[in-house]
Amino acid sequence: MYYRMTLEDKVRVPPNRLGEKLDKVILDVLQEQLEGSIDKELGVFIAVTKVDHVGEGEIVPGDGGVYYDVKFEGLVLRLALQEVIEGLVVETTSFGAFISLGPIDAMLHVSQISDEYINFDEKNGRLICQDSKRYIGVGDTVRVRVVTLSLNEREPRDSKIGLTMRQAGLGTSLWLEEEIEKEKERVAGGAAAPKEKAEKVRGKRKEHAADE
């Protein structure tokens, strides 16, 4: 789930940028240091959006920079096992699809796409279900569930996030639209049956009254 958070930190402004607008420099430094990084307690930093407050600067002997106590706002992604989340397909391979969750990618293995056998259409970059012909391609939005989660704070790119679509309510946006339409048809069909039955009962009653 995504969270907007207010955080505090001490930020070093390098000496070569001391003449620039302070809020802008501090925002640049925070964005460079934090965006794309991982904190196991806070989550994955997506963006630093605003600097709320800058305290008095502090000079450290032997360091040409100036340190400031800063309060700022940031957007983080905090994942949990079994959480349902939406992402974007950024790459397909013979063994699965890579799903972008913002600053970090996750893996959707072919075995977690469908109960059907999956064929890889390398030319069109698609993973195709053999029987239903449903497919996943680059650029598709997918709703998935997190089934494995191992975050690496030191090397975020080495983090391992495993996903699945083999459950109800999961899939590409197109798949989900198809399921909604099927459900509407099923409900409509179920509602029509009692109506038809009632018409037959009324018809029998009229025949019985006529006989009398």
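1. Second largest pocket. In this predicted model, the second largest pocket holds about 150 Å³ of space. Its lining consists of Gly36, Phe98, Pro103, Ile104, Asp105, Ala106, Met107, Pro156, Arg157 and Ser159. Strand β7 (residues 105-109) supplies the largest share, 3 residues.

2. Nonpolar residues number 6 in the second largest pocket. The rest are 2 polar and 2 charged. Asp105 and Arg157 are both on the list of lining residues.

3. Largest pocket. The volume here is about 210 Å³. The lining has 14 residues, and those closest to the pocket centre are Arg134, Met165, Gln167, Leu170 and Trp175. Helix α2 (residues 173-211) gives the most to this lining, with 3 residues.

4. A sheet of 3 strands. The sheet is open, its order is β8-β9-β10, and the pairing is antiparallel. β8 (118-121) and β10 (135-137) are the edge strands; each has a single partner strand, so one side of each has no neighbour in the sheet. On average, neighbouring strands are turned by 20° against each other, direction ignored.

5. The β9 to β10 pairing. Strand β9 (residues 126-129) runs antiparallel to β10, and 3 bridges join the two. Which residue stands opposite Tyr135 in β10? Ile128 takes that place.

Definitions and conventions. Residues are numbered from 1 along each chain as its sequence is written. This is a predicted model: local features need pLDDT of at least 70, side-chain atom pairs count only at pLDDT 80 or more; totals for chains, interfaces and linings use all residues. Side-chain values use heavy atoms; hydrogens and water are left out. On a 1 Å grid over the protein atoms alone, a cavity is a set of points where a 1.4 Å probe fits but cannot get out, and a pocket is an open set with protein on both sides within 12 Å along at least five of seven lines; lining residues have an atom within 4 Å of a point. Grid points are joined across faces, edges and corners, and a volume is the space filled by probe spheres set on the points. Helices (H or I, at least four residues) and strands (E, at least two) are DSSP runs, numbered from the N terminus. Ala, Val, Leu, Ile, Met, Phe, Trp, Tyr, Cys and Pro count as nonpolar, Asp, Glu, Lys and Arg as charged, and the others, Gly among them, as polar. Two strands pair if DSSP finds at least two bridges between them. Axes are lines fitted to C-alpha atoms, for helices over the stretch in contact, and angles run from 0 to 180 degrees between N-to-C directions.
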